[in-house]
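Please look over the model shown here together with the notes that accompany it.

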Amino acid sequence: MERSTLFTLQQQQYAALSEENEDTDEELMEWQTKFEERIAILETKISKLGREMDDEAATSSSLPQIISELTHEIGKLQAEADAHISIKQERDSDIKRIFTKHNFGPVPKFLWSLATLRACFILHCF
């Protein structure tokens, strides 16, 4: 192509571009208002997400302490449960010894509840 043809083509494209972008001041102001509103909404969302991140960080930083406290409490409860089982085994052993010593017959196979023990000893005048 010749130089003059390229220049003419370029001028035609520029003229077409100018025609396409001839927006009124009113349209431009409307677009700017919508753009600013959208920016304000997005800034609000960003701010909200930032607060939520801070809240999550605070919560997650306290979790190790809570886990430690709960683990300690579980240990205490387990120790209490172990002590209870030990005392129950001693009690059952004592009951078997009493049944044998006083010749009350065979020890029942069922679990000894506090109510059962009371009834058993009240009946036998202990």
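This is a predicted model: local features need pLDDT of at least 70, side-chain atom pairs count only at pLDDT 80 or more; totals for chains, interfaces and linings use all residues.

Residues are numbered from 1 along each chain as its sequence is written, and side-chain values use heavy atoms, with hydrogens and water left out.

Helix 2 (residues 25-101) contains Ile66, and helices here are DSSP runs of H or I with at least four residues, numbered from the N terminus. Helix 2 has 77 residues and spans 110 Å from its first C-alpha to its last, close to the expected 114 Å, a value that is 1.5 Å times one less than the number of residues. A kink of about 30° lies at Leu63, shortly before the proline Pro64; the bend is the angle between axes fitted to the seven residues ending at a residue and the seven starting there.

Asp92, Ile95 and Phe99 of helix 2 are buried, where buried means under 20% relative accessible area, exposed over 50% and partly exposed in between (1.4 Å probe, protein chains only). Helix 2 is followed by Asn103, whose phi is positive, near 55°.

| Residue | Relative accessible area | Class |
|---|---|---|
| Ile66 | 38% | partly exposed |
| Phe99 | 7% | buried |
| Phe104 | 27% | partly exposed |

One aromatic pair is counted. Phe99 and Phe104 form this edge-to-face pair, at 5.5 Å centre to centre with 80° between the planes; ring centres of Phe, Tyr and Trp (its six-membered ring) must lie within 6.5 Å, and planes under 30 degrees apart count as stacked, over 60 as edge-to-face and the rest as tilted.

How values were computed:
Helices (H or I, at least four residues) and strands (E, at least two) are DSSP runs, numbered from the N terminus.
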